[in-house]
Amino acid sequence: MIIDIKSDLYATHVPSNHQGLVILDFGSTTCGPCKILTQILEEINRDYPEIIIGKINVDDNANLAIQFGVMSLPTLVFWKNNEVIQKVTGLKNREFIETLIKQNT
């Protein structure tokens, strides 16, 4: 499931409502690599429907970017059992992301 997360909805989706893997995708609508990553995550979403993928637009949700220490885009934050387990910066291919998913599920 891909969810567009806004600051006021963050607590609803992450972390308390889901004990499995959550991937937070920090990006921007003006970021070219972010748009490519969105397409990759949409494909992953079809094959891993049990994972919640939260898209966070840093232009509208700077406080969440600050909270997670996001310094460049795109950034993926892998979250499980109420804690950050991994943070990856930059455009990554599907195989790389799937490897991280398999390691953390």
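Q: What covers the buried residues of α4?
A: The cover includes β2 (22-27), α2 (32-47), β4 (75-80) and β5 (83-89). Contact means heavy atoms within 4.5 Å. Buried means under 20% relative accessible area, exposed over 50%, partly exposed in between (1.4 Å probe, protein chains only). Helices (H or I, at least four residues) and strands (E, at least two) are DSSP runs, numbered from the N terminus.

Q: Where do these numbers come from?
A: This is a predicted model: local features need pLDDT of at least 70, side-chain atom pairs count only at pLDDT 80 or more, and totals for chains, interfaces and linings use all residues. Residues are numbered from 1 along each chain as its sequence is written, and side-chain values use heavy atoms, with hydrogens and water left out.

Q: Which residues of α4 are buried?
A: In α4 (residues 94-104), they are R94, I97, E98, L100, I101 and N104. They cover an arc of only 160 degrees around the axis, so they sit on the same side of α4. That arc is taken from the directions from the helix axis to the C-beta atoms.

Q: Which residues are exposed on the other side?
A: E95, K102 and Q103.

Q: New topic. How far apart are D47 and E98 in space?
A: 10.0 Å, C-alpha to C-alpha, and 51 residues apart in sequence. D47 lies in helix α2.
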